[in-house]
Amino acid sequence: MARIKAIIVKEFFHILRDPRSLTIVFITPVIMIFILGYSFSFDLNRIDAAVVDFSQSDFSRQLVNSFANNRIFVLHFPAGGTSGKSALRAAEEMLRKEKIKEIIVIPVDFSRRLTVHGQSDFGIIIDASNSNTANLVFQYNEMIVLEFMAEMKKVGQLFKLHTKIYFNPEAKSSFFFIPGQIAAILLMISAMLTSVSIAKERETGSIALLFISPLKSYEIIIGKTIPYIMVALLDGVLTLAFSRFWFGIPIRGSLLVLLIFAVLYIIAGLSLGILISTLAPTQKAAMLAAQILTMLPSYLLSGLIFPIDSLNPVLQAISYAIPATYFLRIIRGVILKGSELKHFLFEGLMLVLLGAVLLLAASRKFSRQRKAVQ
Amino acid sequence: MIRLEHVSKSFADIRAVNDVSLAIKKGAITIISGADGAGKSTIFKMLVGLVKKDTGDIFLDGENINGDYIRITSVCGYMPEKFSLYVDLSVEENLNFFADIQQVPRRRREELKQRLLEKTGMLPFKKRRAGALSGGMKQKLALSAILLSSPDLIILDEPTTGVDPLSRIEFFAIIEDLKKEGKTIVMSTPYLDEAEKGDFVVLLKNGRVMVQDSMIMIKKTFPARLFRILPRGNIFEVMQQINAFPGLGGQVYMRGKFIRYMQSGPENLAQQIPHLEITEEKPTLEDVYIYHERRQ
């Protein structure tokens with residue numbers, strides 16, 4: 001125990017006396033949350049649409065008004081009049097120049113067909129170069145058209161739909177993405193801390209002195225891990241507090257539950273770091289490997305951005321071996337839904353399992369390396 | 001105390017240590033010397049298990065360790081060639097850390113630390129960070145760190161390389177003291193004048209042992225006579241003349257205005273060389289090294 005304590009104390013000295021480590025640990029995550037918190041957003045705050053109304057009737061004006069009354073839509077009426085082929089060409093030009101996201105085209109017989117047949121067609125041309133945005137635009141259109149139809153047919157008087165949105169009432173992307181980013185950053189920081197720490201010992205040659213000392217391999221690993229569990233937890237607290245106060249992310253669940261799972265998650269990350277350190281010859285290589293091996297899978301395969309169900313089967317299988325996949329569900333659940341410990345027994349078990357596998361692999365590799373350095 | 005028998009080690013195509021057999025005697029200073037790449041560091045690393053030998057055996061007190069390097073590391077302190085303590089820790093913090101991992105009892109530690117710091121002249125610098133120490137002080141700190149566990153065997157890999165002359169003298173004084181305390185010391189150095197301070201010397205070349213024996217025996221059994229000549233006439237012409245004698249090729253070299261040459265045979269060549277002055281000298285380790293190196 002005294003020997004483990006000696007390594008822990010030494011590691012704390014290294015951390016506190018190395019401004020570069022301190023920056024990596026405490027400043028970088030906050031900057032990352034700040035930048036990614038703003039850049040990662042699927043929210044659509046404005047839809048610019050051009051209107052080409054060949055009908056120029058009361059009904060067509062009512063339809064146009066229903067778009068105009070929506071706070072998201074900003075309508076443009078192309079130069080050369082709102083009707084005629086020159087207007088349509090002008091609108092298409094605006095679409096190409098990305099000044100608008102859609103064109104609303106109302107045919108010349110729109111009003112007559114509505115009056116005679118009780119139904120009519122009209123067209124919407126959507127810029128789908130960004131498929132996510134196009135989907136959202138499509139959904140907004142559908143909503144407005146349904147409301148317009150209800151008004152025309154007085155269906156609104158028959159029933160009224162009350163929708164209650166749980167957990168993220170304003171459907172803010174940041175509420176969804178930022179907890180995920182905290183998970184990804186925690187994994188990266190954890191892996192980076194231990195991998196760089198051990199790679200540094202190798203670079204300076206001090207690892208040789210530890211290897212030939214009476215220290216057992218597990219003592220070195222525990223001694224190197226404990227300080228960084230604390231540092232990573234502190235980092236988690238810092239990024240969570242920043243997200244809470246800067247982005248207004250709600251924390252609805254128990255922090256204790258989050259803490260319990262965070263410790264398991266961080267151990268998995270630190271173990272991955274030790275494993276990386278046994279393969280990386282230098283600090284730079286260790287840092288780069290830790291970043292690539294944690295950030296890419298965490299962002300692309302854990303469900304942080306893309307739903308796991310939408311991945312191909314091979315990538316789906318890989319996603320189950322990524323600790324972030326499980327901690328992501330936990331942190332989102334606890335923060336946004338106020339979920340409890342009992343809701344994450346499977347995720348907790350998987351974190352324990354992944355942590356144990358990584359720790360075992362790291363310990364074996366480390367011990368083997370110690371026994372036969374060359 | 002330690003014996004290596006037919007030990008070899010290769011790194012890829014390079015044979016770093018080639019069939020080396022040598023002995024490290026208890027209570028003595030053994031110095032392994034040779035040029036860079038001769039295999040000095042590899043031998044030390046194999047002794048402490050940092051490098052796995054390819055072939056051969058290592059014996060500790062007559063028993064084959066059979067890969068159980070803990071038997072050696074438990075009785076030895078190893079100081080690597082490169083300063084490997086923590087530069088961001090102070091002298092005292094480094095010593096505390098190594099005392100902790102070596103499990104030096106708390107009650108003994110303070111007294112031991114004080115004694116080592118006094119002995120190495122590091123006491124005024126105990127709060128200074130290791131990274132801010134001079135090369136000589138760093139080596140003294142590294143030595144202090146390994147002495148905390150009071151090892152019987154002290155392995156020092158080029159402890160004086162890159163160290164200023166005064167610190168080297170101080171360092172050797174400490175080593176002499178350690179010998180007086182009964183410690184067994186084995187160290188490496190590329191400097192032959194330093195190697196002369198050993199009780200036993202092993203000279204290496206390209207991973208092979210050229211010579212090994214006690215310093216006294218090495219000089220006593222030196223198989224040639226060594227002459228120093230103040231030449232009459234042009235020194236280069238005299239050099240050429242000496243070089244032409246059969247059996248002397250490559251064993252002649254200039255030292256300032258003198259020529260030194262080694263002569264193995266019984267014939268006295270001195271009278272055949274134009275000289276103002278001729279003196280027979282006792283060989284230094286440098287002469288021994290040159291003699292064997294050029295004969296190989």
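1. Chain B is divided into domain 1 (2-219) and domain 2 (222-295), with bounds that come from an automatic or database domain assignment. The structure is a predicted model, in which local features need pLDDT of at least 70 and side-chain atom pairs count only at pLDDT 80 or more, while totals for chains, interfaces and linings use all residues. Residues are numbered from 1 along each chain as its sequence is written, and chains are lettered from A and ligands numbered from 1 in the order in which they are written.

2. The centres of the two domains of chain B, taken over C-alpha atoms, are separated by 36 Å. Ten residues of domain 1 of chain B are in contact with ten residues of domain 2 of chain B; contact requires that the C-beta atoms of two residues, placed from the backbone, lie within 7 Å.

3. On the side of domain 1 of chain B that touches domain 2 of chain B, β9(B) gives the most, with three residues. Helices (H or I, at least four residues) and strands (E, at least two) are DSSP runs, numbered from the N terminus.

4. Chain B also meets chain A: 20 residues of chain B are in contact with 21 residues of chain A. Helix α3 (residues 91-101) of chain B supplies the largest share of the side of chain B that touches chain A, namely four residues.

5. In chain B, four strands form an open antiparallel sheet in the order β2-β1-β4-β5; two strands pair if DSSP finds at least two bridges between them. β2 (14-24) and β5 (63-64) of chain B stand at the edges, each with a single partner strand, so one side of each is left without a neighbour in the sheet.
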